[in-house]
Amino acid sequence: MASNPGKSRWAETEEDVAYEAKLKKQKEEKKRLKAEKAQRLQAAEEEEKSRRREAAERAKPSTGVEDRPHKKRRISPETDDPEKVVGRKRLKTSLSYWAPCRSERNYTKLNDIEEGTYGLVSRAKDNGTSRIVALKRLKTDSKDRNGFPVTAMREIKILRACDHRNVVKLFETVVAASDTAFPTVSLVLEFVEHDLRSVLEDMTETFVPSEIKRLMLQLTSGVAYIHDHYILHRDLKTSNILLNNRGVLKIADFGMARYTSDPPPDNLTSLVITLCIGCIFAELLERKALFRGSAEADQISKIFELVGLPSEDDWPGFRRLPNAKSLKLPRQPGPVEDRIRPRFTDLTKAGCSLMRDLLSLNPDNRPTAKEMLQHPYFGEVPKPKAEALFPTFPSKANQERRPRKEPHAPARGDRAVKLGEIDVSHLLATVTPKLKGLDFG
Ligand code: ADP
């Protein structure tokens, strides 16, 4: 059969084309929002830095020359020797730890998976071993005078340090020549067939309670592991949680992650926001994001609508938080249990109590990942489903497509239908063994 590499291997109907266009539009919108978020984050980091600089200046003993305008701050060091730069330390990294990197030519690219804000992810094959991997090519800005992005450094360093079955594995980093000052750096990651966001979007029925329990158990184990190693992910969401065809969940995308300490460092950027595990729990149950606010004010009112309002009783010190005083709160809508139980009807009493704790506004009332693992929800029936019994899904990353419900598709066996009108992808997919697991019954 003649193949056209640029085209899908399934026949494309008008509906398919419209659907693809819709997906493309959604993807572009997602990319735009992510870029905006990255920009906001950078601006916040800059602001934070300048705030700290100013605070440090204020803390200096007076020299009696305060009225004199400040000298413009020099950004680049006066000397090339970082040891001589006051207040900076040379990054202690042994070369043998980072180098040598193999060339990207050791891999053959098979197909693109997704272009995110920080990298282009594709499926590739190791030429030597034939192992299938995911290649995440990091975007670096050659004009950035700060050099190789610190977020990329963190992502590599943190993934190298992680070794847990619920955290995506980094096999190696590879380089490719580029026409900029830096070579292009790619992460070679274990290939995982799905991300949870795509699975939730495509499935026609929700995960059953025992499957949700297994997913939550794996997610919590992964988070407990990284927290135990003083790593904060800072970008947990269903599109960054991967699921393979053997039912194993892997936390991915450590592009926003960083090391923390106990007590936490005081230079954490304030505007970094991430979903709490409770939001992901709810998204698994409902197949859509829990709080879908159109803007910040709408978002916060949606949060308060479900979990109630912060008060001095259950969140002492809340009023001292920045901007808390200007927040005009409506009347307390009653106990949170009265809203959680009717909303999550598939959850047992223990499940609802875990959800309530996870969604607590006061961070001190939220269980840690380690505490969560001891919660009665995980011990009661139904037990978490064995990973091997998980349903499998056609993988988009693998270029497989799930048949969509086609309202106008001709019924099977309808003799009036001409062969050319039959949706071939639908016919092929119904005989794909992978789809067997779709029956959740
Ligand atoms: P970015 O940091 O640019 O957002 P991500 O690491 O989040 O990039 O990856 C973007 C998407 O690529 C994910 O949502 C997922 O669909 C896919 N992806 C990421 N890592 C893998 C992997 N190891 N295997 C398969 N697909 C992956």
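Which domains does the shell around the ligand draw at least three residues from? Domain 1 (108-190) and domain 2 (195-389) each supply at least three, with bounds that come from an automatic or database domain assignment. Before going further, please note that this is a predicted model, where local features need pLDDT of at least 70 and side-chain atom pairs count only at pLDDT 80 or more, while totals for chains, interfaces and linings use all residues. Residues are numbered from 1 along each chain as its sequence is written, and side-chain values use heavy atoms, with hydrogens and water left out.

Let us start at the ligand. Around it stand 20 residues, and the closest are Lys34, Lys136, Asp195, Ser239 and Asp253; a residue counts as near if one of its heavy atoms lies within 4 Å of the molecule. The shell is made up of nine nonpolar, five polar and six charged residues. In this sorting, Ala, Val, Leu, Ile, Met, Phe, Trp, Tyr, Cys and Pro are nonpolar, Asp, Glu, Lys and Arg are charged, and the others, Gly among them, are polar.

Now look for polar contacts, meaning pairs of N or O atoms within 3.5 Å. A nitrogen atom of the ligand lies 3.0 Å from a backbone N or O atom of Val192. At Ser239, a polar backbone atom is 2.8 Å from an oxygen atom of the ligand. Asn240 uses its side chain: one of its N or O atoms is 3.0 Å from a ligand oxygen. On its own the ligand has 540 Å² of accessible area, and the protein covers 96% of that, as found by the Shrake-Rupley method with a 1.4 Å probe. Two or more shell residues come from each of β2 (107-115), β3 (119-126), β4 (132-138) and β6 (184-190). These names follow DSSP runs numbered from the N terminus, with helices (H or I) of at least four residues and strands (E) of at least two.

Those strands lead us to the sheets. Strands of a sheet pair through backbone hydrogen bonds, either parallel or antiparallel; here two strands count as paired if DSSP finds at least two bridges between them. Six strands form an open sheet with mixed pairing, in the order β1-β5-β6-β4-β3-β2. Its edge strands, β1 (102-103) and β2, each pair on one side only. Within this sheet, β2 and β3 are antiparallel and share seven bridges, with Thr108 partnered by Lys125 in β3. Seven bridges also join β3 to β4, again antiparallel. Here Val121 has Lys136 in β4 as its bridge partner; Lys136 is also among the closest residues to the ligand. The hairpin of β3 and β4 has five residues between its strands, and Ser130 in the turn has a positive phi of about 70 degrees.

A second open sheet has three strands in the order β7-β9-β10, with antiparallel pairing. Its edges are β7 (194-195) and β10 (249-251). Two bridges link β7 with β9 (residues 241-243), and His194 has Leu243 in β9 as its partner.

Finally, turn to the aromatic rings. The whole structure holds five aromatic pairs, where rings of Phe, Tyr and Trp (its six-membered ring) pair if their centres lie within 6.5 Å, and planes under 30 degrees apart are stacked, over 60 edge-to-face and the rest tilted. Phe207 and Phe390 form a tilted pair, 6.5 Å centre to centre with 45 degrees between the planes. Phe207 lies in the loop between α4 (196-202) and α5 (209-228), and Phe390 in the loop between α11 (376-379) and α12 (424-430), so the pair ties together parts 183 residues apart in sequence.

Notes:
Polar contact = N/O pair within 3.5 Å; in protein donor to acceptor, adjacent residues only side chain to side chain.
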